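Me: I have a model open and would like to go through it with you, one question at a time. Shall we start with a single residue and widen the view from there?

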Amino acid sequence: MDARKQSGMAIAATFRIDRQGDSFFVPSQSGNGRYKVTPSGTSPHCSCSDHETTGGKCKHIYAVEFFMQRELFDYKEEPAPLPPKAERKIYSQNLTAYNHAQTHEKDRFLDLLRDLCLGIVEPARSKVGRPRLPLNDAVFAACFKIFSTVSGRRFMSDLSAAHEKGFIEKLPHFNTIFNSLENPDLTPILKAMIEETSLPLKSVEHDFAADSSGFSTSRFIRCFDHKYGTVRQQHEWVKVHLMCGVKTNIVTAVEIRDKLAQDAPLMPDLVKATAKSFKIAEVSGDKAYGSYKNYDAIEATGATPFIPFKNRTHNGKGDGLWKKMYH
């Protein structure tokens with residue numbers, strides 16, 4: 001299509017063209033004034049410099065022709081061709097394997113969870129009081145309850161089936177499961193289990209990323225809003241800080257803190273915990289993790305940090321890896 005004709009089509013489609021008698025007033029594409037066009041059969045005329053110089057059809061005359069065809073004669077000319085659409089890449093899917101994984105997911109989860117719980121060392125039992133629920137059974141029930149995503153009471157039918165299959169020694173009450181989740185002695189055990197589940201991927205993952213997110217709890221807190229003079233109620237929540245592999249998203253280290261805990265001070269512990277089992281090549285994070293201590297902790301493992309610098313970071317400040325990555 002001729003360039004003038006294509007420009008005329010664009011003007012007719014995007015600008016307002018006014019008609020006064022046999023003349024049309026076409027806006028300039030640059031926004032500087034309008035041009036008077038008189039379409040008179042074989043010798044149309046336009047007041048623009050292009051038409052006066054060449055004597056041929058300019059884009060404004062073409063715009064009037066398209067306008068007249070569209071408004072007066074039901075214009076049906078094909079629009080300007082669209083750019084070719086990028087071909088979408090389609091990935092094949094093994095539906096047989098996918099269906100098998102989905103239908104047997106809970107079975108595999110229970111087998112793996114039981115194997116993990118068998119490695120828990122049972123503390124010495126007290127000679128007085130009621131016998132406690134074995135620690136490995138408590139951890140199994142708590143993890144399985146969270147996996148089920150249902151309430152503690154509704155979960156009891158699933159736990160009874162697990163008990164019948166021999167996954168746990170004793171069937172606890174649902175309140176006992178809730179109490180187990182409140183037990184601080186389970187924290188190091190659960191952290192060790194998370195780190196242990198990542199070990200099969202130690203030959204695959206070499207690049208890691210750190211981040212944090214919030215988890216709401218079942219507790220509510222009440223506070224008085226002085227600005228609006230009202231009492232507000234909301235869920236209490238905690239903050240999880242974790243390190244994960246960028247290929248498989250496997251979690252290699254985790255720290256649970258209160259909702260006001262800062263991200264940067266916890267990165268060295270996440271890096272050290274990951275470095276115990278993985279050979280780290282790169283560590284990524286957002287600006288919240290930009291500190292000398294974090295750069296030093298990453299350098300100590302032989303890895304390279306990829307953390308953007310904050311706007312207030314001064315040129316040339318710092319030394320070692322911090323200065324190298326800045327430049």
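Me: Which residues does Ser180 touch, not counting those up to four places away in sequence?
Reply: This is a predicted model, so to speak, with local features needing pLDDT of at least 70 and side-chain atom pairs counting only at pLDDT 80 or more, while totals for chains, interfaces and linings use all residues. Residues are numbered from 1 along each chain as its sequence is written, and side-chain values use heavy atoms, leaving out hydrogens and water. Ser180 sits in helix α8 (residues 174-181), where helices (H or I, at least four residues) and strands (E, at least two) are DSSP runs numbered from the N terminus. With contact meaning heavy atoms within 4.5 Å, the partners of Ser180 are Ala138 and Leu186.

Me: Is Ser180 buried or exposed?
Reply: The scale is relative accessible area with a 1.4 Å probe and protein chains only: under 20% is buried, over 50% is exposed, and partly exposed lies in between. Ser180 comes out at 11%, so the class is buried.

Me: What radius of gyration does the protein have?
Reply: The radius is taken over C-alpha atoms, and the globule rule to set beside it is 2.2 Å times the number of residues to the power 0.38. A compact globule of 327 residues would come out near 20 Å. Along the principal axes, the C-alpha atoms of the protein fill a box of roughly 110 × 55 × 55 Å. The radius of gyration of the protein is 35 Å.

Me: What share of the 327 residues is buried?
Reply: The fold holds twelve helices and nine strands. Of the contacts with a separation of 6 or more, 47% are between residues 24 or more positions apart. The buried share of the 327 residues is 30%.

Me: How far apart are the centres of the positive and negative side chains?
Reply: Lys and Arg count as positive and Asp and Glu as negative, leaving out His and the chain ends. Each charge is placed at NZ of Lys, CZ of Arg, CG of Asp or CD of Glu. There are 45 positive and 38 negative side chains, and the centres of the two sets are separated by 4 Å.

Me: Which kind of pair do the rings of Phe24 and Phe67 form?
Reply: Rings of Phe, Tyr and Trp (its six-membered ring) pair if their centres lie within 6.5 Å; planes under 30 degrees apart are stacked, over 60 edge-to-face, and the rest tilted. That rule gives nine aromatic pairs. For Phe24 and Phe67, the centres are 6.0 Å apart and the planes stand at 75°, so the pair is edge-to-face.

Me: How many residues apart are Phe24 and Phe67?
Reply: Phe24 belongs to strand β2 (residues 23-27) and Phe67 to helix α3 (residues 59-71). Both Phe24 and Phe67 are buried. The pair links distant parts of the chain, with a spacing in residues of 43.

Me: Which kind of pair do Tyr295 and Phe309 make?
Reply: Their ring centres are 5.9 Å apart with planes at 25°, so the pair counts as stacked. Tyr295 is in helix α11 (residues 292-300) and Phe309 in the loop between β9 (304-306) and α12 (320-326), so parts 14 residues apart in sequence are tied together. Tyr295 has 1% relative accessibility and therefore counts as buried. The kind of pair, then, is stacked.

Me: What phi does Thr149 have?
Reply: Most residues other than glycine have a negative phi. Thr149 lies in the loop between α6 (135-148) and α7 (152-164), and at 69% relative accessibility it counts as exposed. Although it is not a glycine, Thr149 has a positive phi of about 65°.

Me: Which residues is Asn249 in contact with, leaving aside its neighbours within four places in sequence?
Reply: Asn249 is in the loop between β6 (230-245) and β7 (251-258), and its 56% relative accessibility makes it exposed. It also has a positive phi of about 65°. Its contacts beyond those neighbours are Glu205 and Cys244.
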